[in-house]
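Dear colleague,

I am passing on the structure we talked about, and below it I have written out what I found. Please keep it open while you read.

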Amino acid sequence: MARDTTDQTPLSSVQDLTDYIAAGNKPRERFRIGTEHEKFAFFRADNSPVPYFGDASISALLTGLQKKNAWEPITDGGNIIGLAEQNGMGAISIEPGGQFELSGAPLETIHETCKESNQHLATLREIAEPMGIRFLGIGGSPKWTYAETPQMPKSRYEIMTRYMPKVGTQGLDMMYRTCTIQVNLDFSSEADMRKKMRVSMKLQSLATALFASSPFTEGKPNGLLSWRGDIWRDVDNRRAGLLDFTFRDDFGFRDYAEWALDAPMYFIVRDGRYHDCTHVTFRQFMNGALKGEVADPAPTMGDWTNHLSTLFPDVRLKRFLEMRGADGGPWRRICALPAFWVGLLYDDAALEAADELTKDWSFAEIGALRNAVPAEGLKAQFRGHPLFDMAREVIGISRAGLKARGRLNREGQDESIFLAPLEEVLAKKATLAEDLLSLYHGRWHGSVEPVFEDYQY
């Protein structure tokens, strides 16, 4: 999220909060695809991280892009921390450790999404190359310690950095040393949201396995295929992970709002200043807990919108659904991740097939799979079979859904072409993480340094 919201509309009830989320309902013809991807910035000369300040820096990259694209700069304490497209459709932001993120515009097809990401990477290279900066596309920082990782001057991150060690063991690693690819997708009604949430929550661990690409930490194999997936097991379990109530037949917008109300807050923004609110839940805030602590203690719609952006379940509900399970990866995977989920969720027959496939999966089974996947990937067992078997079936459903959508490019190809990286994983029976480990033990001669050359954008 590039910009925190300051909508001053007052809030008076839980219904106001529920209605905000429900306003995301839209007719199918207005369904869009919003893809986000993060990457690590590094200096080509020595594979060191890029700091925020300086002539060759994160701030210089943002300033260069702002001049190139004429996007609106977003600032915090006088520092540029992001860019917003003038029509408000897309944004560029920085994650806590300087990870560079494109939050793509809501687009109609994966063809457009792939074009958008390629244009962004080409423009970014043009700005970065004279500074000796390149970008790495994998899910976890392979070399730098936490102490070596730069910290961005962003107020919400300062609050989170203080808070994370109080609520979990891996929150700081999540913030500073991981990258992801995510996709944001629409729903037409509460019932449509319910089915999409249920299916995608159950299948999120499969996405983690398919996109696993974080097997290194501080220059060595970490014993995992998705270090990022393992990190999310203990970040802050009051605001992250699997949500059992989303599997209920009567799950709705109100249930998610009630859950969000009882999650601790991070902050509120008043007159451009961030106030640390980690000691109260949003429900307590609604009940007057900040009276006497801040000048304007009444909750606003901007506070609620910002709060929703600080919750981290495997699938996040705002006015759309965010798929959050995948590691970052090379550019082809920036197109493959949205293709996987669009194929499953945007075609009625595919969504019904995926729902039928997963309908009797229990919360305990899904939790066990979520725990197994970071280390075992697609070799993790589910009901006596390796997850590879399930992956074939699910990718088949996605492929059928994309073909049924019939969105063709100029060459007459439908969107299923973007599943190719996942089909290669199935053909090789090896994830990208396993490819990286093979290189480490083979051609790279026990060094992670070549990853910066071989997997850069």
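At what angle do α11 and helix α12 pack, and how far apart are their axes? Before the answer, please bear in mind that this is a predicted model. The angle between α11 and α12 (residues 348-358) is about 90°, and their axes lie 5 Å apart. Since angles of 65 to 115 degrees count as roughly perpendicular, that is how α11 stands to α12. On the α11 side the contact is made by Gly343, Leu344 and Leu345, and on the α12 side by Ala350, Leu351 and Ala354; sorted by class, these are 5 nonpolar residues and 1 polar residue, with no charged ones.

A second pair is formed by helix α1 (residues 14-22) and helix α8 (residues 253-261), which pack at an angle of about 120° with their axes 9 Å apart, and the two are therefore oblique to each other. Their crossing is right-handed. Among the residues that meet there are Val14, Leu17 and Ile21 in α1, and Phe253, Tyr256 and Leu261 in α8, while the whole contact has 8 nonpolar, 2 polar and 2 charged residues.

Finally, please look at helix α15 (residues 420-428), in which Pro421, Leu422, Val425 and Leu426 are buried. These four lie on the same side of α15, because they cover an arc of only 145° around the axis. What covers them includes α6 (190-210), α11 (331-345) and α14 (387-405). After α15 comes lysine 429, which has a positive phi, near 55°.

Terms used
Residues numbered from 1 in each chain as written. Predicted model: local features only at pLDDT ≥ 70, side-chain atom pairs only at ≥ 80, totals over all residues. Heavy atoms only, no water. Buried < 20%, exposed > 50% of the residue type's maximum accessible area, 1.4 Å probe, protein only. Arc of directions from axis to C-beta. Contact = heavy atoms within 4.5 Å. Axes fitted to C-alpha atoms, helices over the stretch in contact; angles between N-to-C directions. Parallel < 35°, antiparallel > 145°, perpendicular 65-115°, else oblique. Left-handed = near helix turned anticlockwise from the far one by under 90°. Nonpolar A, V, L, I, M, F, W, Y, C, P; charged D, E, K, R; others polar.
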